[in-house]
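Reader: Hey, I'm new to this one. Can you put it up and walk me through it?
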Amino acid sequence: MSKVLEIKDLNFHYGEIHALKGISLDVNENEIVTLIGANGAGKTTTLRAISGLIGHITSGEIRFMGERIDGIKPHKIASLGLSQCLEGRHIFTNLTVRENLNMGAYLRKGPDVKNDMDYVYSLFPRLLERESQRAGTLSGGEQQMLAVGRALMQKPSLIMMDEPSLGLAPIIIQGIFEIIKKINNDGMPVLLVEQNSNAALKVADRGYVIETGEIVLTDTAEKLRNNEEVKNSYLGAGH
Ligand SMILES: Nc1ncnc2c1ncn2[C@@H]1O[C@H](COP(=O)(O)OP(=O)(O)OP(=O)(O)O)[C@@H](O)[C@H]1O
Ligand SMILES: [Mg+2]
């Protein structure tokens, strides 16, 4: 199985704070890999390091499709086919749904943009109904659909998602996870960061547990779900 993403011994500091302490993590073709951990463990920092958003890493290697991407500018990394849905969504609230989706495709304008938009609308019929509506007026769940849709419009080789279920009602969360599974079945590898560990481990193939900047456990999602430590710390009531 070939590796889409390969991180080796990644260290990162925010000033004096050693936020990532030797992270190693892989995503293979066709996999959903989840990174789970408590508040402040370093999940978002890991994604931001991969997409180049926090600048230079302290040490380590990040490879995407076999190519070194650490030290490369975010827009360049995105144009290589690495797409992400950030925490807090970051859609353009004053633009319509359709305009937001077109923004997703700006790095790769071409004749197949229309097909990709049809694909996104087939995943999220709700977005088609609202294609002329300003994104700022969408519900939280619809905004999350739009964030995922926009990431797909980039036609990436890997999608990274930071807590797609955050702040959404259980019924909507279920829908989002079904879509993640569907996108993956259609061939897209996914790196999924979640505090909703239960749901994440249900859709994922493999998982990594991060605690204060360190990977403390990695296994198949099924084994992690049955691991006593994981159950007690991440899958109990309130998780
Ligand atoms: N810009 C920053 N400057 C300094 N420290 C930061 C900065 N961003 C994050 N940190 C610190 O780095 C650590 C990891 O933060 P990060 O946002 O990666 O955690 P997380 O696992 O995504 O948490 P959450 O589940 O709450 O989103 C935290 O201790 C946080 O306070
Ligand atoms: Mg976070």
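Reader: Okay, contacts between residues at least 6 apart in sequence: what share joins residues at least 24 apart?
Author: In the protein chain that share is 67%. Keep in mind that this is a predicted model.

Reader: Got it. How many helices and strands are there?
Author: The protein chain has 10 helices and 10 strands.

Reader: And why does a radius of gyration of 17 Å agree with a compact globule?
Author: Because a compact globule with 239 residues would have a radius near 18 Å, and the protein chain comes out at 17 Å. Along the principal axes, its C-alpha atoms fill a box of roughly 45 × 40 × 35 Å.

Reader: What percentage of the residues is buried?
Author: Buried residues account for 42% of the 239.

Reader: Switching to ligand 1. Which residues surround it?
Author: The shell includes Tyr14, Ile17, Ala19, Gln195 and the run Gly40, Ala41, Gly42, Lys43, Thr44 and Thr45. Gly37 and Asn39 are there too.

Reader: How do those divide into nonpolar, polar and charged?
Author: Four are nonpolar, seven polar and one charged.

Reader: Which element gives the largest share of that shell?
Author: Helix H1, with three residues. Strand E2 (17-28) also supplies at least two.

Reader: Back to H1, then. Is it mostly covered or mostly open?
Author: Mostly covered: H1 spans residues 43-50, and seven of its eight residues are buried. Lys43 and Thr45, both in the ligand 1 shell, are among the buried ones.

Conventions. Residues are numbered from 1 along each chain as its sequence is written. Chains are lettered from A and ligands numbered from 1 in the order in which they are written. This is a predicted model: local features need pLDDT of at least 70, side-chain atom pairs count only at pLDDT 80 or more; totals for chains, interfaces and linings use all residues. A residue is buried if 20 or more other C-beta atoms lie within 10 Å of its own, exposed if 12 or fewer, and partly exposed in between; C-beta atoms are placed from the backbone. Helices (H or I, at least four residues) and strands (E, at least two) are DSSP runs, numbered from the N terminus. A residue is near a molecule or strand if its C-beta atom, placed from the backbone, lies within 6 Å of it. Ala, Val, Leu, Ile, Met, Phe, Trp, Tyr, Cys and Pro count as nonpolar, Asp, Glu, Lys and Arg as charged, and the others, Gly among them, as polar. The radius of gyration is taken over C-alpha atoms; the globule rule is 2.2 Å times the number of residues to the power 0.38. Two residues are in contact if their C-beta atoms, placed from the backbone, lie within 7 Å.
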